[in-house]
Amino acid sequence: MRQYWKKKSDVTEAIQKVAAAYDCKIVEGVLSHQMKQFVIDGNKVVSSVSNPDTRVDDAEFEENEVYSVNIVTSTGEGKPILLDGKQTTIYKRAVDKSYNLKMKASRVIFREISQKVPIMPFTARDLEEKRARVGLVECVKHELLQPYPVLHEKPGDLVAHIKFTVLLMPNGPDRITSHAIQELTPAKTIDNEPEIKTWLALPVKTKKKKKAEKMSLEYKLVGEMLLNGMLQSLNLWKEK
């Protein structure tokens, strides 16, 4: 199953290679997390970019693990910035943090969050509207909540977000969530990249066959999904 890519660093290297082949940049700071029951951001993470500022510990993949593969690629520099914090509407409780909130509105909102969505991300519009914005500010300031900010690339740059869940089963990897694949014509060919063409030609779901026919998880899933995300961006770019 892990014949080609055994370690997380192997995945990082291949993601960057595919992006470079299409003249795109992988957005920095985006991580793919191992998932467990009630945990969507486990300790084992895969970085999409090899960068000293976002360095993660390397490790080998193991059978029966579950990963949320999360890749964001851009036709720009790959370094989006936060323009307006008020655009952020998605948050998740940081269960390992604690703080005695001073404002009544903050305590009410945090209590509501702890009761309704103690683990998973949520949208602020589902909270009591009058107190939500005021209470969220103090909660975020003291790290009780993890915000999912809206980031921006430079005007004219295009961004594609690829995300799916994959199971590392004994008989091979299974992608269990994804978006519909769109058939698009790329603005650039990869005829001079035979290795990448081989990766992208592989199926995205392992069939139950004999062991000799099992293929690599990362080449099948990350390669194909990253390609389709990039093709969408490059096609839109071409139309402009």
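**Note on the predicted model**

1. Val46 has its place in strand 3, where helices (H or I, at least four residues) and strands (E, at least two) are taken as DSSP runs, numbered from the N terminus. Val46 counts as buried because its relative accessibility is 5%; buried means under 20% relative accessible area, exposed over 50%, and partly exposed in between, with a 1.4 Å probe and protein chains only. Although Val46 and Leu31 stand 15 residues apart in sequence, their C-alpha atoms are 5.7 Å apart in space.

2. This is a predicted model, in which local features need pLDDT of at least 70 and side-chain atom pairs count only at pLDDT 80 or more, while totals for chains, interfaces and linings use all residues. Residues are numbered from 1 along each chain as its sequence is written, and side-chain values use heavy atoms, with hydrogens and water left out.

3. The largest nonpolar core has 15 residues, and those with the most contacts inside it are Ile26, Phe61, Tyr67 and Ile71; such a core is a set of buried Ala, Val, Leu, Ile, Met, Phe, Trp, Tyr and Cys residues joined through side-chain atoms within 4.5 Å. At least two residues of this core come from each of helix 1 (8–21), strand 4 (66–74) and strand 10 (159–169), and strand 10 has the largest share, with 5 residues. Another core, of 13 residues, lies apart from it and includes Phe110, Ala132, Leu136 and Leu144. As general background, nonpolar side chains in soluble globular proteins tend to be buried together.

4. On the surface, Phe38, Val39, Ile119 and Met120 form a nonpolar patch with about 340 Å² of accessible area together. Patches are made of residues with over 30% relative accessible area and no salt bridge, like charges being joined within 9 Å and nonpolar side chains (Val, Leu, Ile, Met, Phe, Trp, Tyr) within 5 Å; the areas come from the Shrake-Rupley method with a 1.4 Å probe, and for residues only the protein chains shown count as cover. Val39 is found in the loop between strand 2 (31–35) and strand 3 (45–47), and with a relative accessible area of 33% it is partly exposed.

5. The largest pocket holds about 1,100 Å³ of space. On a 1 Å grid over the protein atoms alone, a pocket is an open set of points where a 1.4 Å probe fits, with protein on both sides within 12 Å along at least five of seven lines, and lining residues have an atom within 4 Å of a point; grid points are joined across faces, edges and corners, and the volume is the space filled by probe spheres set on them. The lining of the largest pocket is made up of 29 residues, of which Gly29, Val30, Asn70, Tyr148 and Pro149 lie nearest its centre. Strand 2, strand 4, strand 8 (145–148), strand 9 (151–152) and strand 10 each supply at least two residues of this lining, and strand 10 gives the most, with 5 residues.

6. Two backbone angles deserve a look in the model. Asn64, which is not a glycine, has a positive phi of about 70°; Asn64 lies in the loop between strand 3 and strand 4 and, at 55% relative accessibility, counts as exposed. Glu143, also a residue other than glycine, has a positive phi near 65°; Glu143 is found in the loop between helix 3 (129–141) and strand 8 and, at 46% relative accessibility, counts as partly exposed. Most residues other than glycine have a negative phi.

7. The structure holds 7 salt bridges, a salt bridge being a side-chain nitrogen of Lys or Arg within 4 Å of a carboxyl oxygen of Asp or Glu. In one of them the side chains of Lys17 and Glu195 meet at 2.5 Å, N to O; because Lys17 lies in helix 1 and Glu195 in helix 4 (residues 194–200), this pair ties together parts that are 178 residues apart in sequence. Lys17 is partly exposed at 35% relative accessibility, and Glu195 is partly exposed at 37%.

8. Lys92 forms a salt bridge with Asp41, their closest N and O atoms being 3.2 Å apart. This pair links distant parts of the chain, since Lys92 is in strand 6 (residues 90–93) and Asp41 is in the loop between strand 2 and strand 3, 51 residues apart. Lys92 is buried, with a relative accessible area of 7%, whereas Asp41 counts as partly exposed at 28%.

9. The side chains of Glu112 and Lys116 meet in a salt bridge of 2.9 Å, N to O, and these residues are separated by about one helical turn because they are 4 residues apart in helix 2 (residues 104–116). Glu112 is buried, with a relative accessible area of 14%, while Lys116 is exposed, with 56%.
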